[in-house]
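Here is a friendly walk through the model shown below. Keep the structure open as you read, and follow along from the overall fold to single residues.

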Amino acid sequence: MNANLKTNFTPLTPHFGRVVKVTLVLILVLTFTACTTNLQSKVAGNLNLFSKQQTVAILPVEIIKKDQKETAEMLRQGLYAHLKESKFNLLERYVVDGLLKQHDLNNPADFLRINPMRFAEILGADAVLISRINRVERSYLVVHSSIEVGVSAQLVDTRTGEILWRAEQTEQDYQGIAKIPTGISSAILGPIRFVTNKLNLRRITSKLVNKLTAIVKNPEDAEKKETFEEPLIASSTARDLEKIKTVNDLEAEWAEDSAAYTKVPLPTKTQKNFQEGPVSSQQRFAPETGEMDSEHINWVPRKVGLQPVALESQVRTLDKPPIFTTTPANITSSQKSTRSEPLQYTIQVGAYKTEANANQMVSNLLEKGYRARITPDTKSGAPLFKVHVDKFGNKKQALKLTKKFATEESLSSFVTTISSN
Amino acid sequence: MKSHPIKKFTCAAALALVALISTSCGKVRVDVHHETGKNWNYPETVAVLPFSYDSAIEDGNYTRSILRKTFLNYFSYLGYNDLPLDTVDVKLEPIIKTGVAINDISNGQLMKILGVDAVIRGHIINSTNFTAGIYAETSIEAKLEMIDLRTNKVLWDTKHMELDSSGIGTLSLVDMIHDQTENSNVDKAYHQVAESFALKVLAKIPDPASLRHNEIRLPRIESVEANIKGNNKLQPGDLIYVSMEGESALVGHFDIGSFKTGIPMKEVSSGLYTGSYRIKKGDLIDGALIITSLSNKKGLTAKKFYKKALAIKETQALLEKK
């Protein structure tokens, strides 16, 4: 019998051994690659500065299709749970949702278009996490089924608009022949069970969030390739900051310009005459400092030798009535000082290099019912478009309007004089 | 006697079904003992107490901390204000040091020590983790209950066993190997089970979030002023001075973009807060806005930007540009 056994036993051929080895390697490869991940994630160095003093709001997740709602909720819940272990503080979900609701921000698809600075004022958060479900796909083909979840997320600093973290990830898992079913029934049942079991979607989402948030929890571990080369600013913030900068520059110019009106010029011959001129003339150029906040004005001496501008080019009229055309401001200091007609007052709310900006300001004021107009002038030879509102026979009335502008429109203004034509 | 092919098929189907049932996770039952409608006097603040465990459980000490932490992480999604675990532990430390077991601390004492409306108590009944060739399992069985400290009533309770197992019932060879490998990572395996446990329980716990949406009020900031001007470049030694008008008796601070944050503001008169920052040589400030913040005791913070000027520091590069 032993002899029979010996003769029946066929030793493993090298070929058979190779097949076994390849099969084993294949199974191992499949074991570790069955669930595939495609993750692209980058962080900004400034994320390292976040601590428990900073608060992050995780906003509701945007969905592309209605049936992604459940996955979106899972994702948000997962983000909350995983980022609870990060270095920053999380704003409670009910607070985020309640405040967004109070401000009628109910559509997550709008969040990327909103300047993050607005979220700072609405939510009181230092950063917001905006995310989107790009895809949730379940496929079934008798002996093969798969689930794929794709998301994108970005964390934006609401104080600066800087993108602190941006990521895109796809997580996929499947069940089928490729995973070597343990029997015929498994080959048939496996794919059905995989694609219909809700727990599998939750498991995939959970895995996805775990990998997705790893870098945010420990940004100091980010490799060079995972770090932004230079700060990225959200386009809506960049746009708004540029606007603020432009307005600030113009306001600064306007302040300089107003200073030019109010400061008594330095002693050139003409200026001396002006200083020694009649009381009425001096009044015309007397400082209106009482109504201005000195902290906000750059006091600079008026530049001499302003270039006179041709009269005909000075009268500006806008399409929208009733804009008043004004007396051109092309009179020199000496000319001004010699006039003696009764004084008329107006208030100046702005001075712009470009006429379009002045027009915009005038239009806004007209819409609000103010009698606004453009008074062209020059500054260092370049045109300057001043926005004046109303005319008054006495200064007190004009001062009243400046107060109204300060309280109702949050606009700084000052009283100046015009000639009574 | 030859068995009938139909009988064979029935047996196989029954076995497959048993295998499927045995490998799937159980459903959870949470008993809710309070009303959840509009008139629900929900607790606002909740603390998750350290969980206890049966001393016979080998991994008890380990699994109780994993389940507590994971449960809180997911629980924080609901509309309660939860106390951080560290804070809970620090506050309870003195009484625990006296030898009092956590379950022996009365509700009244807990309310006084922790200052919360409700607590969650947890007890680990059993936990297992083993990997044995063709079979692997990890499980956590625990009891949880939430108690309203204001009324001493149990709001909800549950007893649940979460099991993650893999064996002959697993449908594919690759999954079987994968599950065995994963299960041998004890920490990861327990975390996954704790996560499933928490998610299933939380799905059944009443959430007051929607009832709270309209009650949220951020502190009021009326105005912000600063001494920086539109086209001014700041230089070392310059002082940025910020004032804010808003609700009184709160905590204020201001930020210069994200460059310098949390600069304290003092309430100099009722509702008027001021603070300042002196520019230093190495400061890198370029186009930053001043942002003031006002926080109340509930931890809610309001923010307001000072948009009349951007803080820009004069740098060598800027000077060269000129």
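## Ground rules and overall make-up

Helices (H or I, at least four residues) and strands (E, at least two) are DSSP runs, numbered from the N terminus. By that rule, chain A contains 13 helices and 10 strands. This is a predicted model, in which local features need pLDDT of at least 70 and side-chain atom pairs count only at pLDDT 80 or more, while totals for chains, interfaces and linings use all residues. Residues are numbered from 1 along each chain as its sequence is written, chains are lettered from A and ligands numbered from 1 in the order in which they are written, and side-chain values use heavy atoms, with hydrogens and water left out.

A residue is called buried under 20% relative accessible area, exposed over 50%, and partly exposed in between (1.4 Å probe, protein chains only). Chain A has 421 residues, and 47% of them count as buried. Contact means heavy atoms within 4.5 Å. Of the contacts in chain A with a separation of 6 or more, 74% are between residues 24 or more positions apart.

## Strand S6 and its partners

Let's start with strand S6 of chain A, residues 163-176. S6(A) is mostly covered, with 10 of its 14 residues buried. Two strands pair if DSSP finds at least two bridges between them. Strand S1 (residues 36-43) of chain A pairs with S6(A) in the antiparallel sense, over eight bridges. A:Thr36, for example, has A:Gln172 of S6(A) as its bridge partner.

Strand S5 (residues 144-157) of chain A also runs antiparallel to S6(A), and 13 bridges join the two. Here A:Ser146 has A:Tyr174 as its bridge partner in S6(A). S5(A) and S6(A) form a hairpin with five residues between them. In that turn, A:Gly161 has a positive phi of about 80°.

## A buried phenylalanine and a covered helix

Where does A:Phe228 lie? A:Phe228 is in the loop between H7 and H8 of chain A. A relative accessible area of 15% makes A:Phe228 buried. Beyond its neighbours within four places in sequence, A:Phe228 is in contact with A:Lys42, A:Val43, A:Ala44, A:Ile163, A:Leu164, A:Trp165 and A:Arg166.

Now look at helix H5 of chain A. Six of the eight residues of H5(A) are buried, so this helix is largely enclosed by the rest of the structure. The buried ones are A:Pro116, A:Met117, A:Phe119, A:Ala120, A:Ile122 and A:Leu123. Just after H5(A) comes A:Gly124, with a positive phi of about 75°.

## Where the two chains meet

How many residues of chain A are in contact with chain B? There are 63 of them, in contact with 60 residues of chain B. Buried area is the accessible area (1.4 Å probe) that two parts lose on being put together, summed over both. Between chain A and chain B this area is about 5300 Å², and carbon and sulfur atoms give 58% of it.

A salt bridge is a side-chain nitrogen of Lys or Arg within 4 Å of a carboxyl oxygen of Asp or Glu. The count between chain A and chain B is five. One of these salt bridges joins the side chains of B:Asp207 and A:Arg93 (2.6 Å, N to O). Helices H2 (14-33), H3 (69-83), H4, H5, H6 (184-196), H7 (198-217) and H8 (235-262) of chain A each give two or more residues to the side that touches chain B. H4(A) provides the largest share, eight residues.

## Two residues with positive phi

Most residues other than glycine have a negative phi. A:Asp104 has a positive phi of about 60° although it is not a glycine. A:Asp104 sits in the loop between helix H4 (93-102) and helix H5 (116-123) of chain A, and at 63% relative accessibility this residue is exposed.

B:Ala249, also not a glycine, has a positive phi of about 60°. B:Ala249 is in the loop between strand S9 (239-246) and strand S10 (251-256) of chain B. With a relative accessible area of 63%, B:Ala249 is exposed.
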